[in-house]
Amino acid sequence: MENRFFKYILLAPALLIMGAITIFPLARSLWISLHEWNLTESLEIGSFIGFDNYVRAFSDANFWNSAWVTLIFTVATVVATIVCAILVALLLSKEKPYISYLRAVLIIPFALSPALVGYSWRFMLNPDYGVFSAIIGFFIPPLADVVWLGNAVTAMIALISVAVWIWLPFMSLMFISGIMGLPKEVYEAAKMDGANGFQTFFRITLPMIQPIVLIATILMTMFALKQFDPIVTLTSGGPGNSTEVLNFLVYNTSFRYFDMGYGAALGYILAIITVAFVLVYMRKLVKGDDWN
Amino acid sequence: MNTVKRKKVIYSVFELIGVLLVVTFLFFPILWILLTAFKSGEDVYSISVIFEPTLDNFRRIFSSAYNFENYYMNSLIVVFFTLIITLPVSILAAYSISRFKIPGKTLLMFAILATQFIPLIVNVIPFFSAFRNWGLLDTTIALIIVNLGHTIPYAIWLIKGFMDSIPKDMEEAGAIDGASRLRIIWNIVLPMAKPGIITATVFCFVVVWNEFMFALILTSQEAVTLPVALSYFVGENGVIWNEMAAAGIIYVIPTIIFMLIVRKQFVKGMSAGAIK
């Protein structure tokens, strides 16, 4: 009585919706990227120009600026988040009551709206009445007069710390669940052999959580490349275009200057970079332990 | 013996300092926003923690000047309808993938996940012009449609991972009794998969509730949701931070509560899904 097609009927609504909402617009976007189309001039898609929009990107100073900004932001955010998350996980994977309470509330920053986080940090970094500025100035007096969001380097540092703040809890929890799941016997054996803390970490813990490090790196890179909300609300790409990551450049091109064709092409370039990266790392993950 | 003891003490002192640093870094900003929400217009510009708390900010954001409740309503509508569509569709798909032989199953699961790799701004470009032509710009319907592309893939992954761990025996017993497949799903699978479904629901809730980019691009006045509305707390002298903080606190309370409820399953689901 089991209908052969039943399983496909169950699957159909999800696939139809995803096709209509994700796959179709993606194809449509590719098509738009091959055309000239400024929405302020015409509601209809313009003339076919092949890959001109892509060629244009490579001679566009704004594109190279954004590519560079994206690279710095992504690498710094991923490295800082993963390293901090491992350190936090080492601290918080102990079986002590107050630490287990802390683990329970660790997810809270991750649940907050990234847009709100961006606004809040802008408030707290204000040179006149911001609490972060005051604290930094108190501990490091030479930095007391820094206008954090007013210059390219410090604005980037601020942006990276916001991104780390957002993702640290989630990444830490991933590492905590990994570290707490490791067999205790190995650690007891290491202790018997007189290994110190550093040796235990680099010889035992780190190699054993390697798959999680790899997954965390993939996820974190994806998130960093897609980061949008806190950038809009913290720096709006500024000062100048010093924090204008690619994602934000696509937004500005398409929805501030309404250059849809060029915007779509820039979006595709970002998508290709992301997918290429993920595929390279996925292969590593599937192949397994050739991490050296 | 003494040096070992001293070493232990030093170690635990460092450990305590480390934990305190982490707590400060992660929770101080939240505490500060919470305090700011209760500050009056003057106290906002001082970093003193001693001030007379007031509820004025909360009163003002719900006054006619802002219509904050409209934005709250918009957010609720978008979340509600997105979830109402996401859940049944994802549960059925997850069940199908979990229980039946489907050619190219691994590839399908990967493809579903891969839709989330792509920066979604690419998808908004065609949506913007389509919604404009259909007169759907600045409506909650537009937001519900685009959000589905986000929630369904995650929900399928989370629920499927959970269903894989449910034994098939009960269903087979049901099948022998002659119950139809849909009845089996409803009566047997759903109750057992409840934790997974709750996790997926909360996760999708948080994603949609916090969604900013689509709302920024596709709405302008009528259908504006909370994250975008936060930027409306601007007066003659710039941002009115205490009111924004009050709005922010009211905005984030639901996500914090829900996230705390499913915290454990959520992290397990995410990392297990990723490892497989």
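A crossing of two helices is left-handed if the near helix is turned anticlockwise from the far one by less than a right angle, and right-handed if clockwise. The model is a predicted one, in which local features need pLDDT of at least 70 and side-chain atom pairs count only at pLDDT 80 or more, while totals for chains, interfaces and linings use all residues. Residues are numbered from 1 along each chain as its sequence is written, and chains are lettered from A and ligands numbered from 1 in the order in which they are written.

In chain A, the crossing of α6(A) and α8(A) is right-handed. Helix α6 (residues 114-124) of chain A packs on helix α8 (residues 152-180) of chain A at an angle of about 135°, and their axes are 11 Å apart. Axes here are lines fitted to C-alpha atoms, for helices over the stretch in contact, with angles running from 0 to 180 degrees between N-to-C directions. The angle therefore makes α6(A) oblique to α8(A); angles under 35 degrees count as roughly parallel, over 145 as roughly antiparallel, 65 to 115 as roughly perpendicular and the rest as oblique. From α6(A), Pro114(A), Val117(A), Gly118(A) and Trp121(A) meet Ala158(A), Val162(A), Trp165(A) and Ile166(A) of α8(A). This contact of α6(A) with α8(A) comprises 7 nonpolar residues, 1 polar and no charged (Ala, Val, Leu, Ile, Met, Phe, Trp, Tyr, Cys and Pro count as nonpolar, Asp, Glu, Lys and Arg as charged, and the others, Gly among them, as polar).

Chain B has 12 helices and 2 strands, helices (H or I, at least four residues) and strands (E, at least two) being DSSP runs numbered from the N terminus. The radius of gyration of chain B, taken over C-alpha atoms, is 24 Å, well over the 19 Å that the globule rule (2.2 Å times the number of residues to the power 0.38) gives for 276 residues, so chain B is more spread out than a compact globule. Its C-alpha trace spans about 80 × 70 × 35 Å along the principal axes of chain B.

Within chain B, the axes of α7 (residues 169-176) and α8 (residues 181-192) come within 10 Å and cross at roughly 145°. The crossing of α7(B) and α8(B) is right-handed.

Between the chains, 62 residues of chain B are in contact with 65 residues of chain A, contact requiring C-beta atoms, placed from the backbone, to lie within 7 Å. On the side of chain B that touches chain A, α12(B) gives the most, with 15 residues. By class, that side of chain B has 46 nonpolar, 12 polar and 4 charged residues.

Note on methods: Two residues are in contact if their C-beta atoms, placed from the backbone, lie within 7 Å.
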